[in-house]
Amino acid sequence: MNALRQQCLAKTELQNAQVGTIRTKLLKLGALITVSSRRILIAITSSSPSKHIFAAAYRCLKFLTNTA
């Protein structure tokens, strides 16, 4: 969680958030998950207040996994 906060949430409103806050806002997210043979789709509601933070963290994590 510290690495997620330091690397992916550095320029967001959660940059100084506690682990419980990050868990509540990003990991306990109501979404529709569809799993197929090739991909996993996560459909977040358009009214989610923290969807831009989730998208920024996802982009950062996706970049980190592609470089390793």
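**Figure 1. Secondary structure of the predicted model.** The protein holds three helices and two strands, where helices (H or I, at least four residues) and strands (E, at least two) are DSSP runs numbered from the N terminus, and read along the sequence these elements follow the pattern α-α-β-β-α. The C-alpha trace spans about 35 × 30 × 15 Å along its principal axes. Among contacts between residues at least 6 apart in sequence, 35% join residues at least 24 apart, a contact being heavy atoms within 4.5 Å. This is a predicted model, in which local features need pLDDT of at least 70 and side-chain atom pairs count only at pLDDT 80 or more, while totals for chains, interfaces and linings use all residues. Residues are numbered from 1 along each chain as its sequence is written, and side-chain values use heavy atoms, with hydrogens and water left out.

**Figure 2. The largest nonpolar core.** Ten residues make up this core, namely Leu4, Cys8, Leu9, Leu14, Ala17, Ile22, Leu26, Ile53, Ala57 and Cys60. The elements that give two or more residues to this core are helix 1 (2-8), helix 2 (19-27) and helix 3 (51-67), and the largest share, three residues, comes from helix 3. A nonpolar core is a set of buried Ala, Val, Leu, Ile, Met, Phe, Trp, Tyr and Cys residues joined through side-chain atoms within 4.5 Å; buried means under 20% relative accessible area, exposed over 50%, and partly exposed in between (1.4 Å probe, protein chains only). Of the 68 residues of the protein, 21% count as buried.

Figure 3. Leaving aside residues up to four places away in sequence, Leu14 touches Arg5, Leu9, Thr21, Ile22, Lys25, Leu26 and Ile53. Cys8 is buried at a relative accessible area of 8%, and Cys60 also counts as buried, with 18% relative accessibility. A search of the whole structure finds zero disulfides, a disulfide being a pair of cysteine sulfur atoms within 2.5 Å.

Figure 4. Ile33, Val35, Ile40 and Ile42 make a nonpolar surface patch of about 420 Å², to which strand 1 (31-35) and strand 2 (40-44) are the elements that give two or more residues. Ile33, found in strand 1, is exposed, with a relative accessible area of 53%.

Terms used: Patches are made of residues with over 30% relative accessible area and no salt bridge: like charges are joined within 9 Å, nonpolar side chains (Val, Leu, Ile, Met, Phe, Trp, Tyr) within 5 Å. Accessible areas come from the Shrake-Rupley method with a 1.4 Å probe; for residues, only the protein chains shown count as cover. A salt bridge is a side-chain nitrogen of Lys or Arg within 4 Å of a carboxyl oxygen of Asp or Glu.
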